[in-house]
Amino acid sequence: MTTATAATPGRAAGRLAHVDALRGFALLGILIVNIGYLASTYHGTGLEDPGFASPLDNAVRWFVAVFFEAKFFLLFSFLFGYSFTLQLSSAERHGVRFAPRFLRRLAGLFVLGTLHAVLLFPGDILTTYAMLGLILLAARRLRPRTAVRTAVTLLVLTAAAYVLLALAVHAAGGFGVDPAAAAGAEQATAALRGGPASVVAAHLEQLPDVLILIVFFQAPAALAAFLLGLAAGRNQALGDIARHRRTLGRLQWAGFTLGLLGGVVYAHASLQHPDGAYQILALGIDVITAPLLAAAYAATVLRLACDRHGDRLIAALGPAGRMTLTNYLTQSLVCALLFTGYGAALVGDVPPLGVLAIALVLFTAQALASRWWMRRYRYGSLEWLLRAWTTLTWPPLRRGETAPR
């Protein structure tokens with residue numbers, strides 16, 4: 001088992017370093033998806049951005065849709081559920097009442113998420129986690145097998161609902177792309193290029209559409225991933241990767257076949273036929289296949305992190321994974337400064353390849369900054385703040401400091 005030992009990059013006493021690396025990898029995937037929505041108001045509308053319609057632009061869109069969209073929030077959600085079990089076990093060992101602390105943590109996430117959604121990025125995930133966390137808290141005593149069955153049932157029912165909806169839309173003759181979508185995208189671009197008040201107003205206008213996406217697509221899948229993480233945590237499945245190599249291999253095989261096939265169908269429907277029953281059916285297929293691809297990614301990273309050269313991967317991704325809250329919100333802040341009227345107002349001006357390059361450069365900078373930070377401090381800045389609110393104490397921040405008495 002690769003456990004953390006000293007204050008070396010990517011490692012910290014009492015932590016699973018390979019899980020931190022997996023969390024850092026998930027952070028990269030989240031950025032690659034989110035930055036597309038921040039860089040173009042056409043992204044997700046079913047319309048092609050008229051300014052960027054070259055074969056290269058479309059190839060990048062296909063790459064992101066197949067390999068990244070709707071996959072990495074599942075990985076993050078699984079890790080949220082897994083970390084929940086570690087927090088619960090720690091509270092039980094120390095005789096601490098867990099529920100009040102966790103409720104404060106959820107309240108803190110909700111406040112941060114609300115500010116994030118209004119000021120920086122309407123596609124926030126923290127508020128969703130805060131609400132679903134209440135269900136996770138209520139389900140904390142579920143047996144692992146029951147949690148897995150519940151998660152699978154939830155995914156199957158969600159997929160079935162999409163299939164039924166697709167059949168209904170097909171019978172009704174489809175619905176087509178909203179003719180006003182192009183005008184709406186242009187108006188949103190203009191608003192995001194305006195001053196701070198204009199940017200906030202644009203975000204508030206987008207929130208109802210985002211809420212629909214969350215309720216009917218993201219939340220059921222995230223809750224299922226929470227429950228799978230809960231089951232994995234109860235079984236300490238990530239504690240000894242060598243013991244599960246065969247299972248990880250099976251996940252890789254299933255994910256990189258069925259998962260990628262589902263990703264291709266999802267991308268084809270989203271980018272080529274975003275106007276009817278086929279797209280809805282593709283969403284139903286994605287509900288089932290995206291978790292498989294996310295699991296394949298996780299299995300690959302975990303196997304690499306626990307290999308003989310795994311220390312390099314852990315050093316590269318682990319520190320960023322230990323301060324995901326700080327890095328997640330920082331990503332949105334930097335992108336807001338780049339793409340909205342808060343700063344350079346480049347929304348709609350950067351081609352997809354340039355957007356992808358910005359994401360890679362930004363994450364690389366975050367990985368290096370996180371490595372520097374974690375050598376000196378115990379927590380990321382926002383992680384420390386959330387922990388202080390959760391425990392109602394002032395935990396030591398710098399390494400070598402002791403907790404105040």
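Buried here means under 20% relative accessible area, exposed means over 50%, and partly exposed lies in between, with a 1.4 Å probe and protein chains only; by that scale R193 is partly exposed, because its relative accessible area is 38%. The structure is a predicted model, in which local features need pLDDT of at least 70 and side-chain atom pairs count only at pLDDT 80 or more, while totals for chains, interfaces and linings use all residues. Residues are numbered from 1 along each chain as its sequence is written, and side-chain values use heavy atoms, with hydrogens and water left out. Helices (H or I, at least four residues) and strands (E, at least two) are DSSP runs, numbered from the N terminus.

**Salt bridges**

- A search of the whole structure finds four salt bridges, a salt bridge being a side-chain nitrogen of Lys or Arg within 4 Å of a carboxyl oxygen of Asp or Glu.
- One of them joins R23 to D20, with the closest N and O atoms 3.2 Å apart; both residues lie in helix 1 (residues 17-39), three residues apart, which is about one turn of the helix.
- R23 counts as buried because its relative accessibility is 11%, and D20 is likewise buried, with a relative accessible area of 1%.
- R141 forms a salt bridge with E92, where the closest N and O atoms are 3.1 Å apart, and this pair links distant parts of the chain, with R141 in the loop between helix 5 (126-138) and helix 6 and E92 in helix 3, 49 residues apart.
- R141 counts as exposed at 55% relative accessibility, whereas E92 counts as partly exposed at 44%.
- The side chains of D349 and R193 meet in a salt bridge at 3.0 Å, N to O; D349 lies in the loop between helix 12 and helix 13 and R193 in the loop between helix 7 (181-192) and helix 8, so the pair ties together parts that are 156 residues apart in sequence.
- D349 counts as partly exposed, because its relative accessibility is 44%.

**Nonpolar core and surface patch**

- The largest nonpolar core has 105 residues, and those with the most contacts inside it are F73, F80, F84, F339 and F363; helix 8 (residues 196-234) gives the most to this core, with 16 residues.
- Such a core is a set of buried Ala, Val, Leu, Ile, Met, Phe, Trp, Tyr and Cys residues joined through side-chain atoms within 4.5 Å.
- Not counting residues up to four places away in sequence, F84 touches F98, F102, L136, L137, R140 and L230, where contact means heavy atoms within 4.5 Å.
- On the surface, V163, L164, L167, Y278, L281 and I285 form a nonpolar patch with about 490 Å² of accessible area together, and helix 6 (144-171) and helix 10 (277-305) each supply at least two of its residues.
- Patches are made of residues with over 30% relative accessible area and no salt bridge, like charges being joined within 9 Å and nonpolar side chains (Val, Leu, Ile, Met, Phe, Trp, Tyr) within 5 Å; accessible areas come from the Shrake-Rupley method with a 1.4 Å probe, and for residues only the protein chains shown count as cover.
- I285 is found in helix 10 and counts as partly exposed, because its relative accessibility is 32%.

**K71**

- K71 is placed in the loop between helix 2 (55-67) and helix 3 (72-93), and it counts as buried because its relative accessibility is 1%.
- The side chain of K71 reaches the backbone oxygen of A65 at 3.3 Å, a polar contact being a pair of N or O atoms within 3.5 Å in which, within protein, one must be able to donate a hydrogen and the other to accept it, and residues adjacent in sequence count only if both atoms are side-chain atoms.
- Leaving out residues up to four places away in sequence, K71 touches A65, V66, G263, Y266, D286, A290, L293 and A294.

- Most residues other than glycine have a negative phi.
- Q236, although not a glycine, has a positive phi of about 50°; Q236 is found in the loop between helix 8 and helix 9 (245-272) and is exposed, with a relative accessible area of 57%.
- A345, also not a glycine, has a positive phi of about 55°; A345 is found in the loop between helix 12 (324-339) and helix 13 (352-376) and counts as buried at 17% relative accessibility.
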